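Student: I would like to go through this structure and ask where each label comes from.
Tutor: Then we take the labels in turn and set each value against its definition.

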Amino acid sequence: MPVIAPRRELFAWAMYDFANSGYTTVVLTTIFNAYFVGVVVGRAAGFPEGTGTLLWTVAVSIPNALVLVSAPVLGAIADYYAAKKRFLLVTTIGCILGTALLALTGPGDVGLAMTLVVLSNFTFATGENLIAAFLPEISNQGSMGRVSAYGWAVGYLGGLTVLGVCLAYVSWAQRNGFDAAQYVPVTMLIVAGTFALAATPTFLWLKERAISVPRSLG
């Protein structure tokens, strides 16, 4: 039965929740969501009222469907080759790059924005599944709930921290006469940069304890 991992490793696991929570709070829930609807697909871009909300719904629904189909396959492959951490690195890079590239979107860039939202959201959700799969390896039955709650709390703190930084910047930018097309891209870079920095302990200290099937059979 898996045992509780060292504190540094538990911290590294929880920090991934801190790292990616900024994506959900800033991109999917608050700032970029409103920016997409009001600016990228707003009336100023020549689209009818209501189009932005519809297209945003489509953009966030596609990755959900993709994850539903791909998760069992990717999970089986990751388990077979003991490759959860390698897959997690790929999805993390994908979400960070997709988020950073959202800084390039402006009024009328609907196709680009939707493509990047699909990419970043799919890799985010896949990464969520992969990091959760480490929980049985770093805790036992008696500690799993406590370790999970620790990760949730750290993630909640991360989401609030990144959102707070972004809102502080937005307030400053608005007071200085910047419009949304100027300051929202900067918030995407803040989210991407924070994700990359906060996820670093995960890849430094979290161990892959699973053993690949080919190796075990050899």
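Tutor: Start with helix H3, whose buried residues are Thr51, Gly52, Leu55, Trp56, Ala59, Val60, Pro63, Val67, Ser70 and Ala78. They pack against H1, H2, H4 and H5. This is a predicted model, in which local features need pLDDT of at least 70, side-chain atom pairs count only at pLDDT 80 or more, and totals for chains, interfaces and linings use all residues. Residues are numbered from 1 along each chain as its sequence is written, and side-chain values use heavy atoms, with hydrogens and water left out.

Student: What makes a stretch a helix here?
Tutor: Helices are DSSP runs of H or I with at least four residues, strands are runs of E with at least two, and both are numbered from the N terminus. H3 has 30 residues.

Student: How do you know what span to expect for H3?
Tutor: The expected span is 1.5 Å times one less than the number of residues. For H3 that gives 44 Å, and the reach from the first C-alpha to the last is 44 Å. H7 has 32 residues and should span 46 Å; its end C-alpha atoms are 47 Å apart, which agrees.

Student: Where is the kink in H3, and how is a bend defined?
Tutor: The bend at a residue is the angle between axes fitted to the seven residues ending there and the seven starting there. In H3 a kink of about 45 degrees lies at Ser70, shortly before the proline Pro72. H8 has a kink of about 30 degrees at Ala199, shortly before Pro201.

Student: Why is Ala82 called buried?
Tutor: Buried means under 20% relative accessible area, exposed means over 50%, and partly exposed is in between, with a 1.4 Å probe and protein chains only. Ala82 has a relative accessible area of 10%, so it is buried. Ala82 lies in the loop between H3 and H4.

Student: What is noted about the phi of Ala82?
Tutor: Its phi is positive, about 50 degrees, although Ala82 is not a glycine. Most residues other than glycine have a negative phi. Just after H7, Gly177 also takes a positive phi, of about 85 degrees.

Student: Why is Leu160 called partly exposed?
Tutor: Leu160 has a relative accessible area of 48%, so it falls in the partly exposed range. Leu160 is found in helix H7. Its C-alpha atom is separated by 9.4 Å from that of Phe18, 142 residues apart along the chain.

Student: Why does Ala12 count as buried?
Tutor: Its relative accessibility is 0%, so Ala12 counts as buried. Ala12 is in helix H1. Leaving aside neighbours within four places in sequence, Ala12 is in contact (heavy atoms within 4.5 Å) with Pro201, Thr202, Trp205 and Leu206.

Student: Why is the pair of Phe32 and Tyr35 called tilted?
Tutor: Rings of Phe, Tyr and Trp (its six-membered ring) pair if their centres lie within 6.5 Å; planes under 30 degrees apart count as stacked, over 60 as edge-to-face and the rest as tilted. Here the centres are 5.6 Å apart and the planes are at 50 degrees, so the pair is tilted. Both Phe32 and Tyr35 are buried.

Student: What makes the pair of Tyr80 and Tyr81 edge-to-face?
Tutor: Their planes are at 75 degrees, with 4.9 Å centre to centre. Tyr80 is partly exposed, because its relative accessible area is 38%. Tyr81, at 43%, is therefore partly exposed too.

Student: What makes a set of residues a nonpolar core?
Tutor: The members are buried Ala, Val, Leu, Ile, Met, Phe, Trp, Tyr and Cys residues joined through side-chain atoms within 4.5 Å. The largest such core has 59 residues, and Trp13, Val26, Val27, Phe32, Phe36 and Ile138 touch the most other members. H1 supplies the largest share, 12 residues.

Student: How do you know how far to trust the model?
Tutor: pLDDT is the predictor's confidence in each residue, from 0 to 100. The mean for the protein is 93, and 95% of its residues reach 70 or more. Where pLDDT is low, the predicted coordinates should not be read in detail.
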